[in-house]
Amino acid sequence: MQRKSWRTLATVRKVLTCAVCLIALVALFSFSKVPNFSDPVKLPTLDDTSRILDDKLWKIPPTRDFVQCVEPSPNYTPPAESRGYFQVRTNGGLNQMRAGICDMVAVARIINATLVIPELDQRSFWKDSSNFSDVFDEDHFIKALANDVKIVKKLPKELASGPRALKLFRSWASMDYYQDEIASLWEVYEVIRASKADARLANNNLPLDIQKLRCRACYEALRFTPQIEAMGKLLVDRMRLFGPFIALHLRFEKDMLAFSGCTQDLTPSEADELRIIRENTKTWRNKEINSIEQRSGGYCPLTPRETGIFLSALGYPPNTPIYIAAGKIYGDSRMADLLSRYPILKSKEALASVEELEPFTNHASQMAALDYIVSVESDVFIPTYPGHMAAAVEGHRRFLGHRKTINPDRKALVSLFDKLEQGTLEEGKTLSNRVVQMHRKRQGSPRKRRGPAPGLRGKDKLRSEEPFYENPLPDCLCRKELPMQRAR
């Protein structure tokens with residue numbers, strides 16, 4: 001009888017143990033971050049993924065033995081004694097501010113200044129209230145650049161209300177400009193304040209150590225907050241469930257269309273709405289824009305419909321996973337054509353729950369940072385317009401090993417799109433051959449940064465140069481056998 005009771009008790013214990021394990025498993029899967037896809041699709045098998053990865057569509061261009069080379073030269077010294085404090089107010093969107101911050105790190109080094117943590121633009125089109133520490137890892141930024149520039153979080157109290165030199169620095173300014181004209185302000189002031197930060201330092205003809213410092217600031221020091229980094233990684237992991245994917249920077253957004261004056265595929269009322277936005281935005285200089293001329297010149301972002309045609313012509317099959325790295329697309333219905341061609345079309349809002357995105361929602365810079373992370377980590381990056389994010393992501397991908405980046409030749413494509421519209425050309429082998437051929441050398445392979453366009457002078461000449469952060473070669477990428485190259 002006693003033995004029977006022990007057997008019964010043992011059986012009950014086993015049942016209870018199994019029940020506890022089952023409850024634990026249910027709880028684990030309930031609270032873990034399971035992908036919240038808006039339109040679930042069949043995930044590719046391991047064999048399918050391997051086949052896709054071997055395909056030429058995903059192959060990284062040859063790196064030609066270029067590697068990162070950002071270490072300072074043997075003659076590089078710790079920061080000299082500070083002559084004063086340097087305040088910076090950045091301007092523009094996330095990537096415009098990123099480039100400006102990194103340039104101002106270099107300027108602080110040039111003028112022997114203590115850099116005060118830069119102020120982010122809270123008055124631009126996006127009206128984002130984020131501070132530096134809301135977007136970037138402030139402590140890491142200060143520590144990573146300790147051997148280059150002294151950085152403090154705030155201006156000392158005794159100087160907070162004192163006089164300061166407020167300056168709008170010259171665009172694409174040279175080393176001499178900062179060493180002579182700006183540094184001379186220390187004779188009168190203890191604080192210099194820059195009212196803008198974007199495009200205030202030359203792309204070329206700077207000392208190699210200054211160029212390398214810009215790269216260390218951009219690619220090592222200016223890191224996003226741990227919360228943003230973690231959320232970005234989560235989005236990448238969820239996209240990877242579908243296999244190799246394209247990050248598509250689809251700039252068919254209200255602000256870009258208003259700024260560029262592009263109205264292709266829009267209704268008259270929508271075009272009028274964008275015109276009013278452009279006229280009411282004081283910082284945008286061009287008010288009267290001919291949309292047809294803009295588009296024929298290649299100065300308009302591809303529409304969602306055009307983007308679908310382009311991807312199909314390149315040879316990407318309908319089961320290609322695509323991440324939309326963009327804000328709200330202007331006119332939700334315009335995504336229908338692209339979605340019909342590529343049903344595995346995802347965004348951060350489709351990959352993450354409202355609760356997961358809540359800390360970043362209503363903060364344009366933080367949401368843009370998530371798109372930036374996914375774009376840098378994607379298998380292929382395709383920007384439909386050459387804006388600040390497109391340039392920043394392309395440069396970062398080059399720095400990380402020339403990851404595949406396809407830059408659409410918009411001017412040439414417009415001609416093909418118009419022929420399709422007119423019925424003189426059809427989608428198929430002929431179109432595909434032409435599109436593939438014109439983009440063979442536009443896939444992110446190593447090349448030196450482009451200099452100014454011939455025949456230009458002054459600011460137009462400097463403006464025509466390829467931005468430093470779009471292509472950090474040769475300054476920060478060197479051949480293995482030539483680790484130290486001179487800056488051109």
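Me: Let's start with the rings. How many aromatic pairs does the count come to?
Reply: The count comes to eleven aromatic pairs. Here rings of Phe, Tyr and Trp (its six-membered ring) pair if their centres lie within 6.5 Å, and planes under 30 degrees apart count as stacked, over 60 as edge-to-face and the rest as tilted. This is a predicted model, where local features need pLDDT of at least 70, side-chain atom pairs count only at pLDDT 80 or more, and totals for chains, interfaces and linings use all residues. Residues are numbered from 1 along each chain as its sequence is written, and side-chain values use heavy atoms, with hydrogens and water left out.

Me: How are the rings of F136 and F224 arranged?
Reply: Their planes are at 15° and their centres 5.7 Å apart, so the pair is stacked. F136 is in the loop between helix 4 (132-135) and helix 5 (138-144), while F224 is in the loop between helix 8 (208-221) and helix 9 (226-240), so the pair ties together parts that are 88 residues apart in sequence. Helices (H or I, at least four residues) and strands (E, at least two) are DSSP runs, numbered from the N terminus.

Me: Are F136 and F224 buried or exposed?
Reply: Both F136 and F224 are buried. Buried means under 20% relative accessible area, exposed over 50%, and partly exposed in between (1.4 Å probe, protein chains only).

Me: And what about F468 and Y469?
Reply: The ring centres of F468 and Y469 are 5.1 Å apart with the planes at 90°, so this pair is edge-to-face. Both F468 and Y469 are buried.

Me: Which charged end sits over the ring of F468?
Reply: That is R214, with its charged end 4.3 Å from the ring centre of F468. Such a charge counts if NZ of Lys or CZ of Arg is within 6 Å of the ring centre and within 35 degrees of the ring normal. R98 also lies over a ring face, that of Y372, at 4.6 Å from the ring centre. Y372 is in a cluster linked by ring pairs, together with F132, F136, F141 and F224.

Me: Switching to sheets: in what order do the four strands of the open sheet run?
Reply: The order is 9-8-7-10, with parallel pairing. Its edge strands are strand 9 (345-346) and strand 10, each pairing on one side only. Two strands pair if DSSP finds at least two bridges between them.

Me: How many bridges join strand 7 to strand 10?
Reply: Four bridges join strand 7 (residues 246-249) to strand 10, and the two run parallel. Strand 7 also pairs with strand 8 (residues 322-324) over three bridges, in the parallel sense. L248 stands opposite I382 in strand 10, and the bridge partner of L248 in strand 8 is I324.

Me: What about the five strands that form an open sheet?
Reply: They are in the order 4-3-2-6-5, and the pairing is parallel.

Me: Where is R440, by the way?
Reply: R440 is in the loop between helix 20 (429-438) and helix 21 (458-463). With 53% relative accessibility, R440 counts as exposed.
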